[in-house]
Amino acid sequence: MVDGLVSVIMPTYNCARFIAETLDSIKAQTYENWEVIIVDDCSSDDTKQIVDAYIAEDARIKYHCLENNSGAAVARTTAMAMAEGEYMAFCDSDDIWMPDKLERQLAFMKENGYAFSCTAYEQIDEESKSLNRIIKTVKKTNYNRLLLDCPVGNSSVMYSVRKMGKFEVPNIRKRNDDALWLQMLKKEKYIYGMPDVLMRYRIRSNSISANKISVVKYHWKLYREIEHLSVFRSAFHICYWVFLKLFKIK
């Protein structure tokens, strides 16, 4: 474990259109003690060629390709196992960080003694244009609160490996980020929300999470097979989630 180093965990799959902008936002960070670990889930586009060009210019960027297409959970777990940092931050390969994201979030955690944090974020479209929607954080979120509607943006999360250790991402195709936070909240009581907008989340029409109906079965799998909730409680959480999406509350 390298003191002060932030390991940025980045699974990717066919993200050649966006990954350069994502990497540019990390290279622009005011906090410079970082490494990016990109784990490619067997992309068929030009992702590797684009990443190779960045690696040639910056040794802090590292690339690994899985032998078989295995899903984001396996890619994320692989990257986490390779990480050497005292902290881990998560960034999807189509999202964008504000230049002072790492510096300000680290200060927030250190000043308050927090091991696990997230930030507010802005939604953007495929052309990187603002959708004029800010997703605010909850001041502190525990296990039960996260089950309710998960007020956590994946690419805004950072945690202390020294305090919490490493984790294996539950292997489901969708909602595996939620499943990871739930695992972590069994070890650390709260994830603390920073109100500052430090990340831009890209909404893509063909993303794996775009089809809300198909996501329902993965919620059920998460609640019943991974978290082992009762049938009643699992049904309650799914109905609540559907209500939020139908009325666009979140």
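# Strand pairing, helix packing and selected loop residues

Ile9 has Phe90, a residue of strand S4, as its bridge partner. This is a predicted model, in which local features need pLDDT of at least 70 and side-chain atom pairs count only at pLDDT 80 or more, while totals for chains, interfaces and linings use all residues. Residues are numbered from 1 along each chain as its sequence is written, and side-chain values use heavy atoms, with hydrogens and water left out. Helices (H or I, at least four residues) and strands (E, at least two) are DSSP runs numbered from the N terminus.

**Strand pairing**

- The bridge between Ile9 and Phe90 goes with a parallel pairing of S1 and S4 over 5 bridges; two strands count as paired if DSSP finds at least two bridges between them.
- Strand S1 (residues 2-12) also pairs with S2 in the parallel sense, over 7 bridges, and Thr12 has Asp40 in S2 as its bridge partner.
- S4 and S9 pair in the antiparallel sense over 3 bridges, and Tyr87 stands opposite Ser160 of S9.

**Enclosed strands**

- Strand S2 (residues 34-40) is largely enclosed by the rest of the structure, because 7 of its 7 residues are buried, where buried means under 20% relative accessible area, exposed means over 50% and partly exposed lies in between (1.4 Å probe, protein chains only).
- In a regular strand the side chains alternate between the two faces of the sheet.
- Both faces of S2 are covered, with Trp34, Val36, Ile38 and Asp40 buried on one side and Glu35, Ile37 and Val39 buried on the other.
- S4 is likewise described as largely enclosed by the rest of the structure, since 6 of its 6 residues are buried.

**Packing of H1 with H2**

- Two packed helices are described by the angle between their axes and the distance between the axes.
- Helix H1 (residues 19-27) packs with helix H2 (residues 47-57) at an angle of about 25°, and their axes are 10 Å apart. H1 is therefore roughly parallel to H2.
- Here the axes are lines fitted to C-alpha atoms, for helices over the stretch in contact, and angles run from 0 to 180 degrees between N-to-C directions; angles under 35 degrees count as roughly parallel, over 145 as roughly antiparallel, 65 to 115 as roughly perpendicular and the rest as oblique.
- From H1, Ile19, Ala20, Leu23, Asp24 and Lys27 meet Thr47, Ile50, Val51, Tyr54 and Glu57 of H2, contact being defined as heavy atoms within 4.5 Å.
- The residues of this contact comprise 6 nonpolar, 1 polar and 3 charged.

- Within helix H3 (residues 72-82), the buried residues are Ala73, Ala75, Arg76, Thr77, Ala79 and Met80.
- Among the elements that cover the buried residues of H3 are S1, S2, strand S4 (85-90), strand S9 (158-160) and helix H7 (176-184).
- The axes of H3 and H7 come within 10 Å and cross at roughly 45°, which means that H3 is oblique to H7.
- On the H3 side the contact is made by Ala72, Ala73, Arg76 and Met80, and on the H7 side by Asn176, Asp177 and Leu180. The residues of this contact divide into 4 nonpolar, 1 polar and 2 charged.

- Tyr114 lies in the loop between helix H4 (101-112) and strand S6 (116-124).
- Not counting residues up to four places away in sequence, Tyr114 touches Phe108, Met109, Lys163 and Tyr192; Tyr114 and Tyr192 are 78 residues apart in sequence, but their C-alpha atoms are 7.2 Å apart in space.
- Thr137 is placed in the loop between strand S7 (130-135) and strand S8 (140-141), and with a relative accessibility of 18% Thr137 counts as buried.
- Leaving aside neighbours within four places in sequence, Thr137 is in contact with Cys118, Thr119, Ala120, Gly193, Met194 and Pro195.
- Thr137 and Asp94 are 43 residues apart along the chain, and their C-alpha atoms are separated by 21 Å.

- Cys42, in the loop between S2 and H2, has a positive phi of about 65° although it is not a glycine. At 24% relative accessibility, Cys42 counts as partly exposed.
- Asn132, which is found in strand S7, has a positive phi near 55° and is likewise a residue other than glycine. With a relative accessible area of 74%, Asn132 is exposed.

Note on methods: Nonpolar A, V, L, I, M, F, W, Y, C, P; charged D, E, K, R; others polar.
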